[in-house]
Number of protein chains: 2
Amino acid sequence: MSNSFPPVEEQLTIIRRGVEKIVPEDELAKKLQHSRDTNTPLRIKYGIDPTGIDVHLGHTVPLRKIRQFQELGHKAVIIIGNYTAMVGDPSGRDEARATRLTEEQIEANAVDYLNQIGKVIDIESAEVHRNGGWFSKMTFAEILHLCGRVTVAQLLTRDDFAKRYREEKPIYLHECLYPVMQAWDSVEIQADVELGGTEQLYSLMLARDLQAQRKLNQQIAVMSPILVGTDGRQRMGKSLGNYIGISEEPFEMIKKFMQLPDDVMRMYFELLTDIPLEEVGQILGGHPKDAKQKLGATVVDQYHEAGQGNAAVERWEAGIGS
Amino acid sequence: MSNSFPPVEEQLTIIRRGVEKIVPEDELAKKLQHSRDTNTPLRIKYGIDPTGIDVHLGHTVPLRKIRQFQELGHKAVIIIGNYTAMVGDPSGRDEARATRLTEEQIEANAVDYLNQIGKVIDIESAEVHRNGGWFSKMTFAEILHLCGRVTVAQLLTRDDFAKRYREEKPIYLHECLYPVMQAWDSVEIQADVELGGTEQLYSLMLARDLQAQRKLNQQIAVMSPILVGTDGRQRMGKSLGNYIGISEEPFEMIKKFMQLPDDVMRMYFELLTDIPLEEVGQILGGHPKDAKQKLGATVVDQYHEAGQGNAAVERWEAGIGS
């Protein structure tokens, strides 16, 4: 069983691909070395909100990174934020969340989400936790203790809070507790690595602080960039209509790929495929139409049977997709 | 039993004496009228921290106000903040509170405190609650809901928080929860009036908001001024050595009264005695030494057997107190 993990440098090359920032970067190599020396997989945390999501390519960016960790021999640990979903938005500011979901709806959303991401990660070998498991048992005193590690000034360094504070838009006190809860999840599941966006840097680092306090290993933040949508400008999202869903039909997906602006293709190849970066360079040196077809066919095959991508491209070429 | 309460205007005169601010003032008369019409005492809330206190004259200012409400026929409701005392200061910033008190110490402090204030208010007829009774049972979800009524910007309007934020001194997140907890106490005990200082205005008003949400009557804040110490400059406090404790010997108390700066006497007469204000004016028109003797003897008699005040003054006059 020993040496079942690839050499550290090999792992780092795969992990670093398409990643915006790793904090602290030097610790990651040490963790990987220790994992290899002791033949112990790292615990790779990723948290989601079970509020009803149609998974699109933007979501697959961190999920594909988990998949890569899994292929390197590490353990995926998925946290379903069912406790926070149950609370909704008590301020009533966020109308979408003001109507609280029932426990049944939340659980149905969680199951549906796990089914969807089973197309990206190996869900069978992943650990799945619902954070209600620990938060429903926490006392007020424990919450006050947790909050004693966080200052208001630190919270206001978070991009979204800083912006709202400057613009004199309300930041509610319960929202200040959410990053603390996210950090606490890492203590509970003893995360070695957490995946997230750079806007979550604060929670990702607070988790390190809480882990150190309890003499646990500290997690490393592996932060992905935000995938731009098919409009080439804004973050991919359902409400903006600039998304490609992973459950869409191959032909629908190909049509959207063919309409991509040329300048987002490098990002899409890097974040959404495993095609080696030198090869990506060659592809992008050719005709943009060929590049989009290659990109589209590769991505479609990930979420449909092999060959469906090229079949859809041929159908598009035949001009049936008008 | 009907009309056992004095007329509203008579009550208002007593309640307003020495009070800095009543918010909202117009509602107090209505509440008193309704109390009189329905022969129902108002519930007068006052909260204390059982962290080990030697009660001094500064503490007696709100306590004497409670006593006045009791004499008018209303109900004193004392909240012992045992739950927050148990938490201490998790940030470690406040060294005095960093060493957590045990439950036994907190309970001993509470009993000791109740004994001491029994010299000021009628403790037999008062209701006493420990807030651990409700906070120990509260879930994280309930706490998040409570916090959904409070914004960071509102919290930063509190004098002490605003000052620290300006000076870039840390405000910890658990401290933001304390005013919310104080406000929640008012919901639990259905307070009609809460006594406090003007620096607590935020919590006192948040309690009204939380009460209204739950269709309860809203409390009125009756805010006392801060008693200046025997140095005539700073707030009376043990650490500054500028205090007169209510358990001190009569002669010790008189010595301190005789050293008071002349210009604090009006405040002391108004806040610490029931001598009618016209009479106070006459006393202050005479010799300052006589005024101090009258003030000292009156206050000493409140906390010792009647006549002890004058006896101590005579001893002081005889030059024994050199």
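Guide: Let's start where the two domains of chain A meet: nine residues of domain 1 are in contact with 13 residues of domain 2, contact meaning heavy atoms within 4.5 Å. This is a predicted model, so local features need pLDDT of at least 70 and side-chain atom pairs count only at pLDDT 80 or more, while totals for chains, interfaces and linings use all residues. Residues are numbered from 1 along each chain as its sequence is written, chains are lettered from A and ligands numbered from 1 in the order written, and side-chain values use heavy atoms, leaving out hydrogens and water.

Domain 1 of chain A covers 8-224 and domain 2 covers 250-317, with bounds from an automatic or database domain assignment. Their centres, taken over C-alpha atoms, are 30 Å apart. Together they bury about 1000 Å², and carbon and sulfur atoms give 53% of that. Buried area here is the accessible area (1.4 Å probe) that two parts lose on being put together, summed over both. On the domain 1 side, Arg17(A), Leu57(A) and Arg64(A) supply 64% of the area buried against domain 2, more than any other three residues.

Now hop over to chain B, where helix H3 (residues 57-71) packs against helix H16 (residues 288-303). Helices (H or I, at least four residues) and strands (E, at least two) are DSSP runs, numbered from the N terminus. The angle is about 75° and the axes are 14 Å apart; axes are lines fitted to C-alpha atoms, for helices over the stretch in contact, and angles run from 0 to 180 degrees between N-to-C directions. H3(B) and H16(B) are therefore roughly perpendicular, a label for angles of 65 to 115 degrees. Leu57(B), Thr60(B) and Arg64(B) of H3(B) meet Val299(B), Gln302(B) and Tyr303(B) of H16(B).

Still in chain B, Lys238(B) sits in the loop between strand E6 (220-224) and helix H13 (250-258). Its C-alpha is 9.9 Å from that of Gly58(B), although the two are 180 residues apart along the chain. Beyond neighbours within four places in sequence, Lys238(B) touches Asp54(B), His56(B) and Tyr243(B).

Pro24(A) lies in the loop between strand E1 (21-23) and helix H2 (25-38).

How values were computed:
Angles under 35 degrees count as roughly parallel, over 145 as roughly antiparallel, 65 to 115 as roughly perpendicular and the rest as oblique.
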